[in-house]
Amino acid sequence: MLEKLELHRRDFDSRIGNVTTPDQLKQLRTDFLGKKGCVSLALKELREFSPGEKRALGKHINDLKEHIELLIQEKSAVVQESSDRAAGSDAFDLSLPGRREMDGHLHPITQVMEELIAIFVGLGFSVEEGPEIESDYYNFEALNIPKDHPARDMQDTFYVEDEVVLRTHTSPVQIRVMEKRKPPLRFIAPGRVYRCDSDVSHTPQFHQVEGLMVDRSVSFGHLKGIMDIFLHQVFGKQTALRFRPSFFPFTCPSAEVDIQCVICLGKGCRVCKQTGWVEILGAGMVDPAVFGFVGYDPEEWTGLAFGLGIERIAMLKYGINDIRLFFENDLRFLRQF
Ligand code: DAH
């Protein structure tokens with residue numbers, strides 16, 4: 001056995017001297033270390049020896065194996081380099097600039113969402129979450145949206161079951177948080193919402209940020225102040241805003257807030273439909289009926305609420321005219337942010 005091993009070693013040493021290509025090296029490895037290679041065969045033959053002999057011979061076989069592995073490894077680097085060189089001058093052109101790894105970055109909607117969250121956190125708001133699959137009660141009923149309200153229309157709402165919907169807005173988080181906690185409270189609730197709608201300004205899934213502040217003597221003045229600071233931080237100090245009376249079942253009084261069109265700066269264009277203003281969010285003072293659903297005393301507490309669409313803000317901020325671009329994941333679009 002020992003002689004055989006010695007022969008293998010000499011055979012290997014002479015053959016590796018002649019190896020010049022990766023293929024030859026591969027063949028050599030198979031012949032010696034492969035399943036049917038001579039090292040494996042020698043290990044199998046060990047079975048016929050006594051335990052004492054086995055131990056001694058086993059060590060020799062292992063030595064041989066390590067010797068072979070080491071030389072193959074060394075040779076491999078040499079052979080690879082010369083084969084690259086032989087492949088021609090264009091295999092390695094050291095004068096070429098390096099190829100950069102492409103780094104990813106956050107999606108523009110996520111970027112805008114994080115920007116909005118940071119502004120409200122700076123104003124002392126905490127951040128809350130609620131489920132996207134929501135009950136009829138939280139999405140509508142407790143927000144004072146009665147059964148026959150058009151917002152419940154099958155055309156707009158994705159129904160999962162009879163009393164279960166994909167939330168159509170982030171407002172249900174208002175109810176969930178008020179049920180859990182006692183006032184005063186001040187939070188925002190960012191998240192995904194769903195409506196059965198699809199065109200240049202609507203996608204079936206989009207994002208909103210809800211805001212709620214409840215305390216003693218919270219007033220419409222606070223709402224105006226907060227909207228002022230918030231919209232000026234997003235769109236710049238020079239951007240004018242206005243409050244228009246509106247209606248939402250869960251606020252009274254309700255308002256829609258417009259900003260001066262950021263595309264035409266108020267002169268009138270296609271985006272603002274020649275009015276010079278674009279609607280940016282809904283807001284109002286919490287309707288006492290909503291406090292009734294969560295057991296807050298409307299004589300003691302008042303609240304302000306607002307809700308805005310993140311895609312809408314992102315579109316105005318970046319001058320994007322088709323909301324669907326955000327969800328097509330075309331890298332030529334996404335790379336620009
Ligand atoms: N939930 C409303 C919507 O999706 C937006 C909204 C309006 C939220 C007024 C509010 C609010 O909190 O006070 O259209």
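**Exercise 1.** List the residues in contact with L304, leaving aside its neighbours within four places in sequence.

*Solution.* Contact means heavy atoms within 4.5 Å. Leaving aside neighbours within four places in sequence, the residues that L304 touches are G211, L212, M213, V218, S219, H222, L223, I226, G284, M285 and V286. The model is a predicted one, in which local features need pLDDT of at least 70, side-chain atom pairs count only at pLDDT 80 or more, and totals for chains, interfaces and linings use all residues. Residues are numbered from 1 along each chain as its sequence is written, and side-chain values use heavy atoms, with hydrogens and water left out.

**Exercise 2.** Describe the largest nonpolar core.

*Solution.* A nonpolar core is a set of buried Ala, Val, Leu, Ile, Met, Phe, Trp, Tyr and Cys residues joined through side-chain atoms within 4.5 Å. The largest one has 44 residues, and those with the most contacts inside it are L116, F230, I280, L281, F306 and I313. Elements giving two or more residues to this core include α5 (108-122), α8 (220-235) and β10 (302-309). A second, separate core has 23 residues, among them Y138, L143, M178 and W301. For F306, contacts beyond four places in sequence include F120, I188, V209 and L281.

**Exercise 3.** Find the buried residues of helix α3 and the elements they pack against.

*Solution.* Helix α3 covers residues 38-45, and its buried residues include C38, V39, S40 and A42. The buried residues of α3 pack against α1 (2-18), α2 (22-33) and α4 (51-86).

**Exercise 4.** Count the helices and strands, then compare the chain with a compact globule.

*Solution.* There are twelve helices and ten strands. The radius of gyration is 36 Å, well over the 20 Å that the globule rule gives for 337 residues, so the chain is more spread out than a compact globule. This radius is taken over C-alpha atoms, and the rule is 2.2 Å times the number of residues to the power 0.38.

Terms used. Helix = DSSP H or I, 4+ residues; strand = E, 2+ residues; numbered from the N terminus. Buried < 20%, exposed > 50% of the residue type's maximum accessible area, 1.4 Å probe, protein only.
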